[in-house]
Amino acid sequence: MGIEILRKTVTPMSEIMTCSKKMFDPVHPNPALIDIADIAHALSMLCRANGHFKTFYSVGQHSINCAREAIARSYSPRVQLACLLHDASEAYLSDVTRPVKAELPKYLEIEEPLQNCIWGKFLDQPLSPTEYDQIFEIDDAILAHEFINLMGESIFAAVPDLQSQPEFSFTGFTQCEEEFLALFKELSA
């Protein structure tokens with residue numbers, strides 16, 4: 001069956017089916033359908049670096065490492081939780097590498113409101129500019145150390161210091177999912 005025939009026979013869907021079998025529209029997110037279990041599961045299954053690391057390393061494990069770094073830096077509980085959830089939109093959109101994402105304005109138009117919807121569901125108020133800066137400072141610091149540890153290469157001129165001891169070795173999907181959910185429960189308390 002050619003691609004043109006396939007396009008004519010398949011009705012485009014505006015929703016995805018999540019692990020918990022919810023029909024979710026990532027373009028028009030409904031906060032009531034956002035489920036932390038769906039997020040934890042999907043992020044544990046998504047590989048960072050578009051699969052180019054020498055071993056599987058998930059977006060979920062990256063998010064856990066970011067939250068642990070926020071804890072080690074004694075950032076506020078809100079920032080700690082926001083770090084855990086900073087890539088949660090990828091549970092509904094998938095991970096796109098930074099260079100490609102920068103060239104996809106429509107993706108960014110979809111990602112930002114979805115991510116804000118997720119943060120809005122789990123945080124008591126919007127993030128301040130300072131909190132936002134703290135989250136993405138940690139994101140970049142963990143990213144730098146991921147490439148050093150998983151590729152043996154530095155992608156930044158100056159490697160940021162970490163106050164935590166991130167785990168970069170392979171963590172099984174189920175273990176990552178359970179760890180993500182346990183950390184979410186702890187940080188949400």
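## Basis of the description

The model is predicted, so local features require a pLDDT of at least 70 and side-chain atom pairs a pLDDT of 80 or more, while totals for chains, interfaces and linings use all residues. Residues are numbered from 1 along each chain as its sequence is written, and side-chain values use heavy atoms, with hydrogens and water left out.

## Overall fold

The protein contains 9 helices and 2 strands. Helices (H or I, at least four residues) and strands (E, at least two) are DSSP runs, numbered from the N terminus. Along the sequence, these elements follow the pattern α-β-β-α-α-α-α-α-α-α-α.

The C-alpha atoms occupy a box of roughly 55 × 40 × 30 Å along the principal axes. For 189 residues, a compact globule would have a radius of gyration near 16 Å, and the value of 17 Å for the protein agrees with this. The radius is taken over C-alpha atoms, and the globule rule is 2.2 Å times the number of residues to the power 0.38.

Of the 189 residues, 42% are buried. A residue is buried under 20% relative accessible area, exposed over 50%, and partly exposed in between (1.4 Å probe, protein chains only). A contact means heavy atoms within 4.5 Å. Among contacts with a separation of 6 or more, 65% are between residues 24 or more positions apart.

## Helix 3

Helix 3 is largely enclosed by the rest of the structure, because 11 of its 14 residues are buried. Among them are V59, G60, H62, C66 and A70. The cover over the buried residues of helix 3 includes helix 2, helix 4, helix 5 (90-93), helix 8 and helix 9. The end C-alpha atoms of helix 3 are 20 Å apart, which agrees with the 20 Å that its 14 residues should span at 1.5 Å a residue. The expected span is 1.5 Å times one less than the number of residues. After helix 3 comes S74, which has a positive phi near 60°.

The side chains of D139 and H62 are joined by a polar contact of 2.7 Å. A polar contact is a pair of N or O atoms within 3.5 Å; within protein, one must be able to donate a hydrogen and the other to accept it, and residues adjacent in sequence count only if both atoms are side-chain atoms. D139 counts as buried because its relative accessibility is 7%. Leaving aside residues up to four places away in sequence, D139 touches H62, C66, H86 and R98.

## Helix 9

Helix 9 (residues 173-188) reaches 22 Å from its first C-alpha to its last, close to the 22 Å expected for its 16 residues. Its buried residues are C176, E177, F180, L183, F184 and L187. These buried residues fall within an arc of 135° seen down the axis of helix 9, so they line one face of the helix. The arc is that of the directions from the helix axis to the C-beta atoms.

The buried residues of helix 9 pack against helix 2 (36-45), helix 3 (59-72), helix 4 (77-85) and helix 7. On the other side of helix 9, T174, E178, K185 and E186 are exposed.

## Aromatic pairs

The whole structure holds 11 aromatic pairs. Rings of Phe, Tyr and Trp (its six-membered ring) pair if their centres lie within 6.5 Å; planes under 30 degrees apart count as stacked, over 60 as edge-to-face and the rest as tilted. Two of the pairs are listed below.

| Pair | Distance between centres | Angle between planes | Class |
|---|---|---|---|
| F53 and F147 | 5.0 Å | 65° | edge-to-face |
| F56 and F170 | 6.1 Å | 75° | edge-to-face |

F53 lies in the loop between helix 2 and helix 3 and F147 in helix 8, so their pair ties together parts that are 94 residues apart in sequence. F56 lies in the loop between helix 2 and helix 3 and F170 in the loop between helix 8 and helix 9, so their pair ties together parts that are 114 residues apart in sequence.

F53 is buried at 6% relative accessibility, whereas F56 is partly exposed at 22%. F170 is partly exposed, with a relative accessible area of 43%. F53, Y57, F147 and F168 form one aromatic cluster.
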